[in-house]
Amino acid sequence: MEKIEEKIREIAGKLLKDKKVKLIIGFEKGTLPLKARPTFVRKPEEVEKLIWNPFCENNLAVYIPFYRRYLDNGESIGVIAKGCDVRSLVLHIQENIAKREQIFIIGIPCEGILDRKRIEKEAFPGEITEASEKDDKILVKGNGFEKTLKKKDFLCEDCIVCSHRKPVVYDELVEGDVKETEAADRQNQIKEFESKEPDERWKIFTEEVSRCIRCYACRNACPACYCKECFVDCSKPQWLGTTVDSETDLQLFQIIRTFHLAGRCVNCGSCNRACPMDINISLLVNKLSVDAKRLFNYETGIDVNEKPVLNKYSEDDSNEGFFEEH
Amino acid sequence: MSRFQYPPNIEIVRVPCVSRVNPLFILRSLQHGADGVLVAGCYPGECNYSTGNLYARRKLLMLKSYLEYLGLEKGRFQCAWLSSAEAERFVKIAKATIESVRKLGPAKKLVRNKFNRD
Amino acid sequence: MKDSLKSIKHIEKDKLSEFIKQLRKDFTVIAPRNVKDFVLFQELKADEEPYLDFLNSRQSPKEYFFPQTENIVEYEGVTDKRVPIVTEKQMRKRIIFGMRPCDVTSLSILDRLFVNEDYVDNYYKRLRDNTLIFGFGCSYPRMTCFCTSFDSGPFSTKGTDVFITDSGDTFIIEGITEQGKKLIEKLLDGDKKLLKTKSEIEKKALDSITTPPNVEKIPEKLKGLFENPVWEVISERCLGCGVCTYLCPTCHCFDIQDEVIDNKGRRVKNWDSCMFPIFTLHGSGHQPREFRFQRMRQRIMHKFNYYDENFDIIACCGCGRCVTECPVNIDVREILRTISEL
């Protein structure tokens, strides 16, 4: 970890000294034990606060649409990006939010992010007051307890089936030894759900989203959700109600927001981590990634010159489910 | 439709091209009382705007697969390729869709008919 | 001394469910429940025990006084001559069981806005008048708690009707108001020793809140800071979601909408958030608070300056939920310290 941090600071310092970028987005230490948080450095002396550890859970690509004023001026932005973040940046480039030359990607091969909420549950109903990592273990301390946990037991679900731990595109790659997960099988994650009867699936889905409080943390934490006017804020027409006592409005919100990510979601898991009610949004979006692969052999955010999957077509596309003569 | 009779419980919403169909239209219809939604477009290769239906195909494929994955009954949301000259085929599709939706019964999922949850 | 001793009771932990059962005869009991390893305040079902072994709930019980979705008026069965209004059902009295002092403080903060000499919000008042509060002491304040900055503390009984302290194998129960004392009449009497135990637990809890920010000078300080560039620095990380506002026990912005289904309709009041993009969006399309730093500035100024100027109290109770749940770890204590050092 320290080697990676040193390298990050070295690269970032050089970039800022040479004035190659206006701003670098990275991570710094948070004010809570299991948290690293996004930070913004503009001067070479500020790079000392940049860190890297398995608590760096946010997808930093989410900030790119906020810096239109830099990008429109021709400035460049540096991003310290792990595997999934890089793919989100590629998505932004594919969708013309930024030009490739304007995003300086400092790629970090990622071994997976730790699921902070699951670790906190080890202390439930108490809280964790101190956490530190060493090699493949995490040591957590709380009020009257101390536990050593194995990192690999507490990786985020999305990280376990991550298909691109190594950044697919980068300007500088921070060396690190990371193995791609063998035949990352996201399909398996949804197989169990798909094997259930439709009514049961609907029931599980409804129960999961019934906790939703429409805080829109999922939407705002998602790098692919950057519409100037979100469909929930549109009043002409108003597509769905804004109350939380309507089961169908909650279902509709989740269905539509996630469907807007069809072929655009990189399965980084930021939505899951941002949700204050611990809703398992992966249950929904995993299907979209699996379908994009299955129907169109497409993976999000791999090639900057490619178009997003729903922005193109093939004459040989499947007609699955279309009306068939009997 | 070329003076063929087709069932009265189909409400037709005209769009210039099937690619105009926003997934929100389909979900809003289901929320506001439609027991089923049928999306019909020109055959691939015969689009009036040359490629609209090819883009729409991908969108509708993903939407259909997604809704059925979540548990919406197969048959509530149907897609069909149809030429504007094929009145007979339209009637056939309309009747078949209505039959399958009737078998499923009135819409229970996604329909909004009361204000407060129990 | 004797009088205050009269209102001290205690109950063995395994007898609690019996007591709750008695309460449920006349009241709806809303208590902490374990929902997927985090705690929410919800209505207790028959024979269900409250889950009291927790630090604080994910969401505050504010929704029981200021619901996230509340019908202002509802009608059903429109004819061409009448619009029949649905009359409100008689409300059953409720007890919020296990409410922490920070959340109780938040109610006294909201009271000044919703029930004052110029204006009374009848919806809030009705819920407030029909609810009794069984406060619960925080033996283990969280790292993020700072209730002591706001004239409160982990064992503050202000605003409660009954106050409960967990002393290991028993609950020490104090009657604070007359209504509260009546409800605990039949419980076992307490004694001076119990009071001493409580004050020991209280001291330990107070000692664990090591660095609460000092907010005394903050309202005055903020007066001159509207144009200060510090807001852009503080808010650069903010995503603009609504988590802090929705989990906050004192945030109270709302939006009113009309909904119609066939021949029934309602006017409904929903929570709104100053962080949402259409908050303060004018009908003309102009948005005075287009940037995140303007929204962050609005939030902090509202809670720590405007509210204090209008109602003589800071609109924060130090529960720390915004700190633990913010996806990008924006820490209001850090912001307060930055401001006080400017």
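Modeller: Two residues are in contact when their C-beta atoms, placed from the backbone, lie within 7 Å. By that criterion, of the contacts in chain B between residues at least 6 apart in sequence, 72% join residues at least 24 apart. This is a predicted model, in which local features need pLDDT of at least 70 and side-chain atom pairs count only at pLDDT 80 or more, while totals for chains, interfaces and linings use all residues. Residues are numbered from 1 along each chain as its sequence is written, and chains are lettered from A and ligands numbered from 1 in the order in which they are written.

Biologist: Is B:L110 buried or exposed, and how do you know?

Modeller: A residue is buried with 20 or more other C-beta atoms within 10 Å of its own, exposed with 12 or fewer, and partly exposed in between, the C-beta atoms being placed from the backbone. B:L110 has 23 such neighbours and therefore counts as buried; it sits in the segment after α3 (87-104) of chain B, and its phi is positive, about 70°, although it is not a glycine. C:D312, in the loop between α10 (292-311) and α11 (321-325) of chain C, also has a positive phi, of about 60°, without being a glycine, but its 9 neighbours make it exposed. Most residues other than glycine have a negative phi, and most peptide bonds are trans.

Biologist: Which peptide bond that ends at A:P237 is cis, and what is its omega?

Modeller: The bond from A:K236 to A:P237 is cis, with omega near 5°, and A:P237 lies in the loop between α8 (217-221) and α9 of chain A. The bond from A:F124 to A:P125 is likewise cis, with omega near 0°.

Biologist: What makes β4 and β10 of chain C edge strands?

Modeller: Two strands pair if DSSP finds at least two bridges between them, and β4 and β10 (254-261) of chain C each pair on one side only. Their open sheet of 3 strands has the order β4-β11-β10, with antiparallel pairing. Between β4(C) and β11 (residues 264-271) of chain C there are 7 bridges, and the bridge partner of C:N71 is C:V268 in β11(C).

Biologist: Which element gives the most to the side of domain 1 that touches domain 2 in chain C?

Modeller: The bounds, from an automatic or database domain assignment, are 2-69 + 76-208 for domain 1 and 218-340 for domain 2 of chain C. Of domain 1, 26 residues are in contact with 22 residues of domain 2, and α3(C) gives the most to the domain 1 side, with 8 residues.

Biologist: How many residues does each chain bring to the contact between chains A and B?

Modeller: Chain A brings 33 residues and chain B 34 residues, and α9(A) gives the most to the chain A side, with 7 residues.

Terms used: Helices (H or I, at least four residues) and strands (E, at least two) are DSSP runs, numbered from the N terminus.
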